[in-house]
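Take a look at the entry shown here.

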2 protein chains.
Amino acid sequence: MRAETAVAPSLARIAPQSGTSFKLRAGDLLRVYDPLGEQVADLFAFKDGDPACSLSSGRSIDYAGKIYLSTGAVLYANDSRAMFTIVADTVGRHDFLLTPCSQEMFEKLYHWQGHHPSCFENLCCAFEPHGIRPQQISTTFNIFMNVAVDADGAVRVLPPTSRPGDCIELRAEMDLVCGLTACSAEQSNNGAFKPIDYSVVHAAGPSA
Amino acid sequence: MRAETAVAPSLARIAPQSGTSFKLRAGDLLRVYDPLGEQVADLFAFKDGDPACSLSSGRSIDYAGKIYLSTGAVLYANDSRAMFTIVADTVGRHDFLLTPCSQEMFEKLYHWQGHHPSCFENLCCAFEPHGIRPQQISTTFNIFMNVAVDADGAVRVLPPTSRPGDCIELRAEMDLVCGLTACSAEQSNNGAFKPIDYSVVHAAGPSA
């Protein structure tokens, strides 16, 4: 067991196997930290005031010409508008192929019986106060998730390469409603459930 | 130039750079043919009567554990229900990573100026009579599209491996509203614009 790191004052902590939602204004910087290492944070976003406009894995991969997005890459919405730009990234390996872990995933892939906490359920709960329904939550940008694609197309979920304190920084390119989790799946964080930290640096001033 | 093949009586033909929509009942078989070879057909679908339920690349790849889906694979909806099962496939290489080609794609990737026909526009028009808005059309199942993913994550659009007469057959697992195109992008069909043929075999009887 690693000792839990202290939470810096400006950071908000997402408890293990949970999620949260928050708004960003265009120009705000979202920093997502892996405080203990080898943990995953699923991110999804809608345009504030226009939930028909949402994050699109397919457009982002198409326009980037690659499946692994890191510093300099833009995350696009379904209508091809820029939602985020990755402006810093100490890890360089994130997933944008897979939907968030869900009750159905645990049942289909791991024959789980009974309730299992999941990023999808946590995102549904986090977005619900914003009037967003579960079916509007599509493929998430899975920060720190390490998914290999073999030459034959097989997908393998590997332990994240993130170490304690690693961080990705995304600039909001429009006003956004965001959902963010500390992942609930044994397979994506090497069997451990850990927290995720984040901070928001407002375009006009210091962090909040 | 290859000579254009005859259209068998039971087949419907989608003209080059165009699209169509149609309904399937659960159990119906949709056969999509590449009559001339090296052409791509983008497929998207909604549950009939419940357009909040739509095709999900992320769920399908996750549950299959691979990005290249062929015979035996299930295409899932965003709510994890099965939409299609691939029951036959003479090609074995299709794409499920990329959104349909769009005006924005031609501008961003190829610096196109002026209008360019696109699968996205053709799907928007095809779905519009069903009350479906453009932003509801997500990542398509791009039949016969040949997309390689390199070890570093780079995505390369290669000529389709489909030959004249090749076919994929999908069984509808629920009642569906489908959109299907003959692709408009130079890059996905090796520089040629060609038609796509399809037929529907109803669960209860012969083809219609």
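## A helix and its neighbours

In this predicted model, the buried residues of H1(A) pack against strand S6 (74–76) of chain A. They also pack against H1, H2 and strand S10 (155–158) of chain B.

Helix H1 of chain A covers residues 57–64. Eight of its eight residues are buried, so the helix is largely enclosed by the rest of the structure. The buried residues are Ser57(A), Gly58(A), Arg59(A), Ser60(A), Ile61(A), Asp62(A), Tyr63(A) and Ala64(A). A residue counts as buried if 20 or more other C-beta atoms lie within 10 Å of its own. After H1(A) comes Gly65(A). The phi of Gly65(A) is positive, near 75°.

## The contact between the chains

Chain A puts 32 residues into the contact, and chain B puts in 32 residues. On the side of chain B that touches chain A, three elements each supply at least two residues: strand S5 (50–54), helix H1 (57–64) and helix H2 (103–110). H1(B) gives the most to that side, with six residues.

What kinds of residue make up the side of chain B that touches chain A? There are 13 nonpolar, twelve polar and seven charged residues.

## How the copies are related

Notes
Residues are numbered from 1 along each chain as its sequence is written. Chains are lettered from A and ligands numbered from 1 in the order in which they are written. This is a predicted model: local features need pLDDT of at least 70, side-chain atom pairs count only at pLDDT 80 or more; totals for chains, interfaces and linings use all residues. Two residues are in contact if their C-beta atoms, placed from the backbone, lie within 7 Å. Helices (H or I, at least four residues) and strands (E, at least two) are DSSP runs, numbered from the N terminus. Ala, Val, Leu, Ile, Met, Phe, Trp, Tyr, Cys and Pro count as nonpolar, Asp, Glu, Lys and Arg as charged, and the others, Gly among them, as polar. A residue is buried if 20 or more other C-beta atoms lie within 10 Å of its own, exposed if 12 or fewer, and partly exposed in between; C-beta atoms are placed from the backbone.
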